[in-house]
Amino acid sequence: MCQVENLTGEQKNNYLQDQGSIMENKNLFLAHYYVWDFTPPEMIESVFAEFHDNGCRNMVFCDYWCRMILKDPLFYSKLKRAAFNQNVVFREIHSPFGEAFDPACASIARRPGMIQDQITCMRYAAELGCPTYTLHIGAYDSVYLKTPNSEIRPRVINALEKLLPEAEKLGIIIAVENAFERLASAAPFCLFILDHLLCPDIY
């Protein structure tokens, strides 16, 4: 999402109007994010029970689980069973991210696989009933290799143009997270995406 404080004048007004119309059509809820990377699989159900016992039923299906499922599809059914047993539900999903998964991925050899992995995870999101799919754009090349935005932006747009039709078919919204521009806020890039794609299934 854009950082509104960095927008001025008409840009800010247009952005707020767009966000207002989005929120009017949504039932808002709180979903809880937890770092599961260091939780042994046999302990997941116990952690679900702790969340439930403390009044937290809505969970975020995290990026770590997405990567696990891409490696081991059977892990998905184990997660669903553990969630069902403890009466918690997955209400949001965060895409797998990192140099090999981000839309800004520079590797020509990897990009087709990156797109397919994101589509696979979006299908899991739809199956779970998650309304949004948080997509991390990627900052590796920008931060570490000082790659100019003029090279990175086309990669991101190319990926989104492939992912958005799938999101539309699945009935989910892609929530773009974390722009990559060095020494700048996320707002200019988010506006660039919205202006370029003009799509209701991304915000």
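Is Phe 51 to be counted as buried or exposed? In this predicted model, where residues are numbered from 1 along each chain as its sequence is written, Phe 51 counts as buried, at 15% relative accessibility. Buried denotes under 20% relative accessible area, exposed over 50%, and partly exposed the range in between, with a 1.4 Å probe and protein chains only. Local features require pLDDT of at least 70 and side-chain atom pairs pLDDT 80 or more, whereas totals for chains, interfaces and linings use all residues; side-chain values rest on heavy atoms, with hydrogens and water left out.

The chain contains eight helices and four strands, assigned as DSSP runs (helices, H or I, of at least four residues; strands, E, of at least two) and numbered from the N terminus. Their order from the N terminus is α-α-β-α-α-β-α-β-α-α-β-α. Of the 203 residues in the chain, 45% are buried.

Twelve aromatic pairs are found in a search of the whole structure. Rings of Phe, Tyr and Trp (its six-membered ring) pair if their centres lie within 6.5 Å; planes under 30 degrees apart count as stacked, over 60 as edge-to-face and the rest as tilted. The pair of Tyr 34 and Phe 51 is edge-to-face, because the ring centres are 5.6 Å apart and the planes stand at 85 degrees. Tyr 34 belongs to the loop between helix H1 (9-24) and helix H2 (44-53), and Phe 51 to helix H2, so the pair ties together parts 17 residues apart in sequence. Tyr 34 is partly exposed, with a relative accessible area of 31%.

Phe 48 and Trp 65 also form an edge-to-face pair, since their ring centres are 6.0 Å apart and their planes lie at 80 degrees. This pair links distant parts of the chain, with Phe 48 in helix H2 and Trp 65 in helix H3 (residues 63-71), 17 residues apart. Phe 48 is buried at 0% relative accessibility, and Trp 65 is buried with a relative accessible area of 0%. Ring pairs join Tyr 34, Trp 36, Phe 48, Phe 51, Phe 61, Trp 65 and Phe 90 into a cluster.
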